[in-house]
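This report describes selected features of a predicted model. The sequence and structure come first, and the text follows.

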Amino acid sequence: MPLRLPDRLPAIELLKHENIFVMDTTRAHQQDIRPLRIVILNLMPLKITTETDLIRLLSNTPLQLDVSFMKLRSHTSKNTPIEHMMMFYRDFADMQKEKFDGMIITGAPVEQMEYSEVNYWPEITEIFDWARTHVTSTLFICWAAQAGLYHYYGIPKYGLQKKMFGIFPQRILVQQLPIFRGFDDVFMMPHSRHTEVRRDDIVRHPELQLIAESDDSGVSIVMARGGREFFITGHLEYAPNTLDNEYRRDRGVRSDVEMPRNYYAADDPQQPPVVTWRAHANLFYNNWVNYYVYQETPYDINAIH
């Protein structure tokens with residue numbers, strides 16, 4: 001089934017070139033089974049890139065999804081045209097009476113700041129609390145995962161001596177979970193971060209379940225509340241060239257950035273990246289939508305609590 005997206009969203013044309021079936025709201029048709037409502041709180045600077053990355057993954061579900069975008073009133077994006085934000089995004093304040101089947105909260109380039117120093121921290125924590133009563137299942141990605149673990153459970157983050165940067169093997173710890181249905185024992189995940197949460201803090205907390213980790217990159221995926229919350233420290237949604245763009249942007253600018261590991265063919269940055277995470281990324285999002293959003297959500301969306 002197609003995704004229902006806002007009219008004229010740039011991702012529509014970009015993904016049509018990849019033979020992905022999406023349709024704007026003008027073409028969307030009525031069905032006996034209502035579309036699942038997914039809201040994306042996009043905190044990344046390059047909004048259009050992140051929109052396209054996430055929509056690419058959501059498009060692989062056989063269910064019809066109605067995707068909308070949320071923004072913060074307390075923060076203005078400097079890297080995305082204001083016209084784009086006004087056309088496709090709505091403030092949280094204008095959406096907080098609505099309910100959604102699924103939510104995705106992205107990373108943000110503020111991970112080296114203390115949470116209290118982030119100018120939108122009060123609003124983001126209000127959204128975290130709102131999601132628990134207005135969303136069936138929420139994915140927290142990278143900084144959002146660290147922020148959510150801290151806000152809900154008091155899990156601290158720690159600075160790294162150098163950036164965790166590359167594609168790292170992740171080991172599944174709880175094989176029987178539906179989120180890992182169809183997975184191999186080990187899967188690859190991109191990481192790009194300067195901070196971390198630690199295993200010891202996670203496993204000491206009775207409400208948290210560490211479900212995937214890596215000998216190289218540490219805590220990978222944490223589940224809480226029976227799958228109503230997933231905290232993902234990496235970026236399954238990344239496109240093939242994302243780490244390459246980051247590497248070339250930061251090379252010579254930051255002293256703690258090395259060549260991304262396990263990424264370029266023959267570890268040569270003059271060679272193209274080797275994509276090793278795409279299949280599991282598609283499977284993860286498909287499983288999330290099918291088993292934690294669709295099968296857990298009530299037919300009457302207002303019944304979410």
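## Helix, strands, cores and pocket

Helix α6 (residues 143-153) is mostly covered, with nine of its eleven residues buried. The buried residues in α6 are Trp143, Ala144, Ala145, Gln146, Ala147, Gly148, Leu149, Tyr152 and Tyr153. Just after α6 comes Gly154, which takes a positive phi of about 70°.

Burial also marks one of the strands. Six of the seven residues of strand β10 (residues 208-214) are buried, so β10 is largely enclosed by the rest of the structure. Strand β8 (residues 158-172) pairs with β10 in the antiparallel sense, and β10 also runs antiparallel to strand β11 (residues 218-224). A hairpin of three residues joins β10 to β11. The two pairings are set out below.

| Strand pair | Sense | Bridges | Residues opposite each other |
|---|---|---|---|
| β10 and β11 | antiparallel | six | Ala212 and Ile221 |

In soluble globular proteins, nonpolar side chains tend to be buried together. The largest nonpolar core here has 40 residues, and those with the most contacts inside it are Leu58, Phe180, Ile221, Tyr285 and Trp288. Helix α9 (residues 278-294) gives the most to this core, with eight residues. Apart from this core lies another, of 39 residues, among them Val39, Leu72, Met95 and Val197.

Which residues is Trp288 in contact with, leaving aside its neighbours within four places in sequence? They are Ile38, Leu58, Gly102, Met103, Ile104, Ser137, Leu139, Ile179, Phe230 and Val293. Leu58 in this list is itself one of the residues with the most contacts inside the largest core.

The remaining feature is the largest pocket. About 740 Å³ of space lies in the largest pocket, and 29 residues line it. Of these, Met44, Pro45, Tyr238, Glu246 and Arg249 lie nearest the centre of the pocket. At least two lining residues come from each of α2 (47-58), β9 (186-196) and α8 (242-250). Helix α8 gives the most, with five residues. By class, the lining divides into eleven nonpolar, ten polar and eight charged residues.

Key:
Residues numbered from 1 in each chain as written. Predicted model: local features only at pLDDT ≥ 70, side-chain atom pairs only at ≥ 80, totals over all residues. Heavy atoms only, no water. Buried < 20%, exposed > 50% of the residue type's maximum accessible area, 1.4 Å probe, protein only. Helix = DSSP H or I, 4+ residues; strand = E, 2+ residues; numbered from the N terminus. Pairing = 2+ DSSP bridges. 1 Å grid on protein atoms, 1.4 Å probe; cavity = no way out; pocket = protein on both sides within 12 Å on 5 of 7 lines; lining within 4 Å. Points joined across faces, edges and corners; volume = space filled by probe spheres on them. Nonpolar A, V, L, I, M, F, W, Y, C, P; charged D, E, K, R; others polar. Core = buried A, V, L, I, M, F, W, Y, C linked by side-chain atoms within 4.5 Å. Contact = heavy atoms within 4.5 Å.
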